[in-house]
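Dear colleague,

Please find below the structure that I am handing over to you. My notes on it follow directly after.

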Amino acid sequence: MPERHWGHDHPTGGERDDEGTGGRGDRPPTGDPDTSHRGGFGDYGGESGGLIERTFRERIVVVGVQRPGVDDEEVERSLDELEQLVDTAGADVVARMVQRRDAPEPATYIGKGKAGELRRLSDEVDADTVVFDDELTPAQQFNLERLLGRTAIDRTAVILDIFGQNASSQEGKAQVQLAQYRYRLPRLRGKGRSLSQQAGGIGARRGPGETQLEVDRRRILRRMHKLEADLRAIAKHRDTQRKARRRSRLRAVAIVGYTNAGKSTLLNALTEAGVLVENRLFATLDATTRRADLPGGEPVLVTDTVGFIAKLPHQLVEAFKSTLEVVTEADLLVHVVDASAPDPEANIAAVRSVLHEIGAGRVAELLAFNKSDVAAGAAAELVASHPGSVAISAVTGQGLPDLLQAVANRLRALTDVVELHVPFSRGDVLASLHREGEVLVEAAGEAGMVVRARLDAAAASRFAEYRVDGRDSSGSGGSARSPHPSSRSPASGSSPSRSA
Ligand SMILES: Nc1nc2c(ncn2[C@@H]2O[C@H](COP(=O)(O)OP(=O)(O)OP(=O)(O)O)[C@@H](O)[C@H]2O)c(=O)[nH]1
Ligand SMILES: [Mg+2]
C-alpha cells in the first residue's frame, strides 16, 4: 500500500533537515512545530484506498497566477473550482491570492516578493498548507515550502487525493496508486522521514552504499512495476469481454463530460443502473455499462465514465488510459454538459482536450446540456449555439426522449447507404448483409439481387466487391468531431432517415 502523502516526503513543520540549503532559517514563525503542523491534509500516513480519516479540517490558502490575456473572472473561476476540490478532499480554504505574471517564475512559481507576502498572509490566517492552482515542478515545490514555512502542494495533488479517496474497485485503486507514484517519484527527497522509515521493519535496511533516497526510489519503482503488471492483467480480461461485446454487434455509447455534470444520473435515468450519484467531484471512477433501448427498439450499450476537469493531471490520464478505452472505442459519445455551470463552454473545451489526449478526439459527439430544470435559459442558449445538441434534465427526465432520438439518428448517420449487386447464387452474402447492416431495399435485378443497405465503414469495405456505387468508404469512418460532421452528408443530425 502506498503511503498517502501529497507529494513530499517530510513532515511540514518539524524535524525537516534541509541539509545545505539554509532551510533552517525558514521555520514557521509560530515557533512551535507542533501547532504549525497538525497532521492531516498534507501529511497522511496510513493505508490508502478507503476514505481518509483526517484528524481535523486543514486550513488552506489557494494561490493562482494570472497570465496575460486571462481575465479576472476566469482566474477567480479557476480558484473557485480549486476551492471546491479542496473542500471535496476534506479541507477548508481560508484565503486566496492571485499574482499577475507573464509566466510562472521558474524557481518559485510566484515571485519572491509575492512569496513573502503569501507567507505573511498564511501566518495571519493560520494556514497549514498552501495550494497552487497549477502543477508545481518538484523544485518549485521544494523552494516554496522553504519560503513559506509550510506545506506547498498543487492542484494535481488535490485531485490525486480525491481520486485516492474515491477509488473502490481493484482497478480504480491500482490506477490511482500508479498515478500517485508517478507524481511522487520525482518529488522524493533525500532527507526527512522516508517511506522506509514510515514502514519500518526489514525493508528499511539499506544495501551497502545505498542512500535512503535510493532505497525509497527503488521501492516505489518496484511497486509501480507491480501495479502496471496488475493493470495489464485486468485490461486483458476486459479485452476479452470487449471482443464478446463486438460479436454481439451492439452499438456502444459512452457518456462523457466534466465532473459533476450529471453523467451517472443520466445513465441511471436511461437504464436504471443504480450507479452512485453524488453532488461531489469525481464520484465515479469506474465505468459502468448497461443496455438501453433506443426508440424503434434497437438496443445499445451505454457506459458511464469518470469525469474530467480543467488541468486534469496527466498522470491520471495516463493511468486511466485502459479504462478510458470504452471512450475511444465507442461509436458515439454523449457529452453531458452542466448548463448551470459558471462557464459551460470552458468545460466543453476542457473535456474535449482530455478526449483528444486519450485518442478519442475523432469519435462522434452529441452534446447534451443537462440540468435544464434549473438552468432552462442557459440550456436553450447553448442548444441554439450548438446545432444538433439537446437540452435535458437527467433528474426530471425532461428532454430524454429527444436525447434518445438524437442518439438513434446519430448512430444511423454513422453508417452510409450503399448499393450492391449480389449474384443470385450468393444467398450467404445476402444473409450477412442483413446481419451486419440495415437492408433498406432488396429487389431482383437481371443478374442478381439489387440491394440498398446501410453499412458502417468496416462492413462497407467488407462488401466492397458487390458495391455498384464503386466508392470505397474507408477513411470517412463516420467519426468527425462536431455536432455536424462536415464529412457527412447533410442529414447527419436531425433527419431520422435518409434512406431511399
Ligand atoms: N438540478 C439537477 N441536478 C442534476 C441533474 N443531473 C444531475 N444533477 C445533480 O448533479 C450532481 C452530480 O450528479 P452525478 O450524476 O453524480 O454527476 P457525474 O457527472 O456522474 O459526476 P462525477 O461522477 O462526480 O464526475 C448530483 O447532485 C445530481 O443530483 C439535473 O438534470 N438537474
Ligand atoms: Mg458519476
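The notes below treat the sheet, the packed helices, a hairpin and the ligand shell in turn.

This is a predicted model, in which local features need pLDDT of at least 70, side-chain atom pairs count only at pLDDT 80 or more, and totals for chains, interfaces and linings use all residues. Residues are numbered from 1 along each chain as its sequence is written, while chains are lettered from A and ligands numbered from 1 in the order in which they are written.

The sheet

An open sheet is formed by 4 strands in the order 2-1-3-4, with parallel pairing. Here two strands pair if DSSP finds at least two bridges between them; helices (H or I, at least four residues) and strands (E, at least two) are DSSP runs, numbered from the N terminus. Strand 2 (92-100) and strand 4 (151-154) are the edge strands, each pairing on one side only. On average, neighbouring strands of this sheet are turned by 25° against each other, direction ignored. Strand 3 (residues 129-132) pairs with strand 4 in the parallel sense over 4 bridges, and valine 131 stands opposite isoleucine 153 in strand 4.

Helix 2 (residues 72-89) packs on the sheet, where it touches strand 1 (59-66), strand 2 and strand 3, and its direction makes about 150° with that of strand 1. Helix 3 (residues 112-124) lies across strand 1, strand 2 and strand 3 and runs at about 160° to strand 2. For these angles, axes are lines fitted to C-alpha atoms, for helices over the stretch in contact, and angles run from 0 to 180 degrees between N-to-C directions. Two residues are in contact if their C-beta atoms, placed from the backbone, lie within 7 Å.

Helix pairs

The axes of helix 3 and helix 4 (residues 138-148) come within 9 Å and cross at roughly 55°. Helix 3 is therefore oblique to helix 4 (angles under 35 degrees count as roughly parallel, over 145 as roughly antiparallel, 65 to 115 as roughly perpendicular and the rest as oblique). In this contact, Ala115, Leu118, Arg119 and Ser122 of helix 3 meet Leu144, Leu147 and Leu148 of helix 4. By class, the contact of helix 3 with helix 4 has 5 nonpolar, 1 polar and 1 charged residues (Ala, Val, Leu, Ile, Met, Phe, Trp, Tyr, Cys and Pro count as nonpolar, Asp, Glu, Lys and Arg as charged, and the others, Gly among them, as polar).

Helix 5 (residues 155-166) and helix 6 (residues 170-184) pack at about 155°, with their axes 9 Å apart, and are therefore roughly antiparallel to each other. The contact of helix 5 with helix 6 has 6 nonpolar, 3 polar and no charged residues.

Helix 5 also packs with helix 2, at an angle of about 40° and with the axes 9 Å apart; helix 2 and helix 5 are therefore oblique to each other.

The hairpin

Strand 12 (residues 438-444) and strand 13 (residues 448-455) pair in the antiparallel sense over 6 bridges. A hairpin of 3 residues joins strand 12 to strand 13, and valine 441 stands opposite arginine 452 in strand 13.

The ligand shell

Of the 24 residues around ligand 1, Gly262, Ser264, Asn279, Thr284 and Gly307 come nearest (a residue is near a molecule or strand if its C-beta atom, placed from the backbone, lies within 6 Å of it). Helix 9 (residues 263-271) gives the largest share of this shell, 3 residues. By class, the shell around ligand 1 has 8 nonpolar, 11 polar and 5 charged residues.

Yours sincerely
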